[in-house]
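Good morning. I will walk through a few residues of one chain, so please have the structure open.

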Amino acid sequence: MRAHEAGALHADISNRGPAWLRTPEDVNALLPTLWPRSVTRGADGAVAVAGLSVRDIAAEFGTPVYVLDEADLRSRCRDFRAAFPTEDVFYAGKAFLCRAVVRMIAEEGLHLDVCTGGELATALSAGMPPERIGFHGNNKSVAELGRALDAGVGRIIVDSFTEIDRLTALARERGVRPRVLVRVTVGVEAHTHEFIATAHEDQKFGFSLAGGAAANAAFKILDEGVLELRGLHSHIGSQIFDASGFEVSARRVLALQAQIRDARGVELPELDLGGGFGIAYTTQDDPATPQDLAKRLRKIVDSECAAENLAVPHLSIEPGRAIVGPAVFTLYEVGTVKTLDGIRTYVSVDGGMSDNIRTALYDASYSATLASRASDAQPLLARVVGKHCESGDIVVKDEFLPADVQPGDLVAVPGTGAYCRSMASNYNHVPRPPVVAVRDGQARLIVRRETEEDLLALDVG
């Protein structure tokens, strides 16, 4: 159900919720697949992460606040590292990036994917070895490419003929031979929202496979001999649960590998199948484990290489959401509770679309729980909304909360580690929330809360 562009009165109205949402037997229960692994509900009824109560977190850091379970994030890094021991696992920094997270993923043996100069600067300032950095982006500037070359970034994923020319000129000037991959648009549309399906033909990323641009890009790089073409790259979308899309994508990309071999006598040594692995936001989601993903992807690549008589290339993947998404929840304080008889109950919190735009932008679904206490009240179907001047300012479209939810309560929304803080805004001049990492019962600030002074410091008028 979406908010109508003309306002809430024009939207679809239902007080029953979606078909998949069931009335819980225990409104206080926490479904483990939705929460960081150390999250529990204590004897006092309050939610705790790594042994620290959310009441204490709210008292020290205020709300809204993004709460990161550091041990959970690290364990998910290790899960992917263990599942893909001979492959390269690139953490997709666009999901969420700060210097503390860069250090965590580096210490856990992962590589890092960045797609802007700002992300590259964050990675380098945190000490990420540049040879373990991959640089994405459909419109990298000359300055960004130059900085990547000067830093010694391990690989650059080229996205246009203009970029090939830019990078070639910069490499000649510096006398270096950067490693590159060609991003291929394979014509596979993942079963996801239109705006996050990135491999169909009509979109801004990559070189078209069907139109021949991908092959021509590879031939151009090989023929000019300035850049070192290591392989091909494909990314079919985000929040993907079905491996069939990867099967079609791998088949088409490896067919191009064979075409390049036959035309130029070069068998490219690398293949990157991207990321987009889904996580559980609600009870309707059933994500695969890293071990299951590894088994499926290896089977797909081995089979397609055998069909094309190709040596199996060195494989890379790019999980971002699957690592940081489940490791974080957002903690809010309830400000008002408004019941519209026969229509809906609105629970308004002190954040909203400025700290989580995904519900409004992608029609994304989230879960929530009353976090500061347990309740014996009956479940109440509610909509958790924000404080912004928009009818579409929705955090959780439909969720069962205790019927006695009231102002001053804390509400926690799981699965907010990916694309929430990284896409946060200052809409309505609301400062962005902090990020707090919790480990072994101790909390530390890793991204501080913005202040009104921060906002005014940019206003030079």
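Asparagine 309 is exposed, because its relative accessible area is 66%; exposed means over 50%, buried under 20%, and partly exposed in between, with a 1.4 Å probe and protein chains only. Asparagine 309 sits in the loop between helix H9 (290–308) and strand E13 (314–318). Helices (H or I, at least four residues) and strands (E, at least two) are DSSP runs, numbered from the N terminus. The phi of asparagine 309 is near 55°, a positive value in a residue other than glycine.

Some background. This is a predicted model, where local features need pLDDT of at least 70, side-chain atom pairs count only at pLDDT 80 or more, and totals for chains, interfaces and linings use all residues. Residues are numbered from 1 along each chain as its sequence is written, and side-chain values use heavy atoms, with hydrogens and water left out.

Asparagine 428 also has a positive phi, near 60°. Asparagine 428 counts as partly exposed because its relative accessible area is 37%, and its place is the loop between strand E19 (410–414) and strand E20 (435–439).

Now, is valine 349 buried or exposed? Valine 349 is buried, because its relative accessibility is 4%. It belongs to strand E15 (residues 344–349).

The C-alpha atoms of valine 349 and proline 64 are 8.5 Å apart, although 285 residues separate them along the chain. Proline 64 is joined to threonine 63 by a cis peptide bond, with omega about -5°.
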